[in-house]
Amino acid sequence: MINIISSKASAPNTLLQEVPRREHEDNLRWLSRQLRPSEDQTGIVLVGGTSTTAFRLRVAQSHVRHDLMPSYWSHAMLLGRPARSFATTPVYEISLEPPQGFTFPPPTNGLQQGRISQYRDPELYPNIALLNTPVSLAQVMEALESFQRQRAVLDGVELIVRWLTYVWGVARAGNPLLDGYGMPSAAMLEIAFGVAGYDLTPGLESRSSCPEAIWQAVKWWHEYYVQQNRPALSGAYYVGHTL
Amino acid sequence: MDLILYARAAPNDRLRAWLGVFAATAAPALSWRLNGALVVPTALRPVASVRPDAMLPPGMAAEDVPRAFTGVYEFSGLQPDTLYTLAVQAGNQSATMETRTLPSAVPTEFDRWLNVLLVSCFHQVEDRQGLAGIIVSQLQAVAKPHLTLLVGDQVYLDLPTLQDFPDDVVWLASKFEQDYTLNWRGPLGYTGVLAAAPSLSIPDDHEYWNNFPHASPFIGNSLTPAGRDRWRQAAQAMYAGFQLPYPAQLGEPVRFEIAPLSFFVADTRSNRDPDRRFIMSDDAHHRMEQWVSDTIAQKQFGVFISGQSLFTKASGKIAGAVGDYALPNYDDYGRILLRLQRLADAGRPALCLTGDVHWGRVVTATDIRTGRTAFAEIISSPVSLVTTIGLDQVKEAGAILSDLFGPRNPWPRHSDPEDPPAFLASEPLQGRFPCATLHRHKGNQAVLLGFRQHGSGIEVRITYWPITRDATVARPSVIGPITLVGAQENAA
């Protein structure tokens, strides 16, 4: 069993809004509509995919949910400073399906820099969320710089390998979450925001973060943040695919 | 005459220095330099003989008795987390040390930790080669401690067990001074540990005698009230000279903060009631109450330090009387735990640090109301296991035999760590906090705690360093990090 704690909140966070996708609207245009650029805020994008890899990741996170249903989300990433052409906006992530392959991940501790455009297709990624965190992008980027040199704090490369063995069904590889190994991109974000002084996953007492834990934080842990004298997470989402 | 300097824990804007002047016949005049500049510190304990006049040999002039003089001096107006060079001159003798002020806050960066060395139970006779000092000094290369917590039994005044001690306060004071001098002055002894970082001491029973303040069947002097009183006077004079965390008075708790940690260092030995009605004085209880309130109000994380474990059951009548009573054997144990429970009520998890038991262990207690870790207790014991005449020989003989037929036991004299109770203080706390053991550690050891801020919580990385030359068991054990996160308030 995964040691995740349920929030005591009786109602979901009103700062999290469902925003339906418009007809023929892709994820870039949906995200563009939600952007609220601010120096004091940083965006996290959650996506829920339909590939076999995404399916396995969503099912793996069912253990974090009290109903044991698959998560809406298969991946979490940091949204960089929006570019003039939004499609070229950088994202910082540890994807298990990097478009260019993994090359040799140790020098960056697995961190990859991609573009948001790779998550454009609503058929591949029907579920999308943009979460606003009350932490400046500069703070998070500084933490990510350190993260790349600090494998001893969180070994992103080890997480990649462990999760690939699970996703690809290698030997008897089990669900890494059950052994306390977070999904690499979410675990990286949890560490980076933690260094910046913000709990991204207050329901967890370990580094076994995952997109579902971040989702629960934005949906249910708003009262906790207020009690800790920190602004709650806010954001918008659309779920077009459930399992 | 020679001089020894050790740094004492102090608020982060000042340094405190303990000075030992050994083989002297009078308190010397001192001059101090801080980073090369002459300074006049505040004397928290002006340098003075550790033996009061009444404990000097009768018929001898005080100036004819070579002995230890000690003082504690404070240097204020300094910067936190800064290295200073402190030098003292007395006549033609001098001593110098480099030490850092404590940081003002626990680091938030990936690669930085607040390092706290946790040690207890040092018997010099079993560490004549100074291995503890060597290994602790080598920690500097891995993670230099910012602070050392000496949580009891830094000396064993009641040993050797089979020696018959005269019931004479003068003789006792002289013997105790020799014991302390051996550890504090060296050669070797505890000097490497004392020099590792600014330190803060609390006493346990062997700063007095086994099972103080109760009579011990193995210590003839403790069998009469007058004998116990003479021993206590001599032991307290030495404790005041070598360990008392001035400006605190004997038995007073000490508080200090390294944000967001708030430490409460409780002397759970000096003021114990012989009738076992209380462990701490009313004043100490009031201070603890205030500390809990302040910790909650400031949303800090409490660190409660005691000479014995809170995560244990009461000793049985015979075990308590012959061995050592545990904290639950005293009527105010429940009061202490109910105060700590207030931290849990407010969603402020706390850490408990202790020694005493001659094994190491990490235990957590989960609050069933929130699902959070409410308490974690870390035990570090011993640095050098005390000799137990008879039992040691039996255990070693047994180990030789068992080694012939199975894997070698690298710690034949050491006990296996005990299980914690199923629930922390189940009577006063009514089964609210089930316990889980994260780690057991057997053998001589020093524990290095690493603290780092993470989000609004604290990560605690626990490293057990075996104190041994045996390469097969010398690897450190790293536990955690344990994450302490504030729970939601008014959780029901």
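Q: Where is Pro260(B)?
A: Pro260(B) lies in chain B, in the loop between strand 12 (254-258) and strand 13 (261-265). Helices (H or I, at least four residues) and strands (E, at least two) are DSSP runs, numbered from the N terminus.

Q: What is the peptide bond from Ala259(B) to Pro260(B), cis or trans?
A: The Ala259(B) to Pro260(B) bond is cis, and omega is near 5°.

Q: And the bond from Ser381(B) to Pro382(B), cis or trans?
A: The bond from Ser381(B) to Pro382(B) is cis, with omega near -5°. Pro382(B) sits in the loop between strand 17 (373-379) and helix 8 (391-405) of chain B.

Q: Before we go on, what kind of model is this, and how are residues numbered?
A: This is a predicted model: local features need pLDDT of at least 70, side-chain atom pairs count only at pLDDT 80 or more, and totals for chains, interfaces and linings use all residues. Residues are numbered from 1 along each chain as its sequence is written, chains are lettered from A and ligands numbered from 1 in the order in which they are written, and side-chain values use heavy atoms, with hydrogens and water left out.

Q: OK, chain B overall. How many helices and strands?
A: Chain B has nine helices and 21 strands.

Q: How much of chain B is buried?
A: In chain B, 59% of the 492 residues count as buried. Buried means under 20% relative accessible area, exposed over 50%, partly exposed in between (1.4 Å probe, protein chains only).

Q: Give me a buried example. Where does Thr148(B) lie?
A: Thr148(B) is in strand 10 (residues 147-150) of chain B. The relative accessible area of Thr148(B) is 0%, so Thr148(B) is buried.

Q: Which residues does Thr148(B) touch?
A: Not counting residues up to four places away in sequence, Thr148(B) touches Leu117(B), Val119(B), Val193(B), Ala196(B), Ala197(B), Pro198(B), Ser199(B) and Leu200(B). Contact means heavy atoms within 4.5 Å.

Q: Switching to helices. How do the axes of helix 5 and helix 7 of chain B cross?
A: The axes of helix 5 (residues 282-297) and helix 7 (residues 333-345) of chain B come within 9 Å and cross at roughly 10°. That makes helix 5 of chain B roughly parallel to helix 7 of chain B. Axes are lines fitted to C-alpha atoms, for helices over the stretch in contact, and angles run from 0 to 180 degrees between N-to-C directions. Angles under 35 degrees count as roughly parallel, over 145 as roughly antiparallel, 65 to 115 as roughly perpendicular and the rest as oblique.

Q: Which residues meet there?
A: Helix 5 of chain B brings residues including His285(B), Met288(B) and Trp291(B). On helix 7 of chain B, the partners include Ile336(B), Arg339(B) and Leu343(B).

Q: While we're on chain A, what is its secondary structure?
A: Chain A has seven helices and seven strands. Along the sequence, chain A follows β-α-β-α-β-β-β-β-α-α-α-α-α-β.

Q: Where is Gly49(A)?
A: Gly49(A) is in the loop between strand 2 (42-48) and helix 2 (52-60) of chain A. Gly49(A) counts as buried, at 2% relative accessibility.
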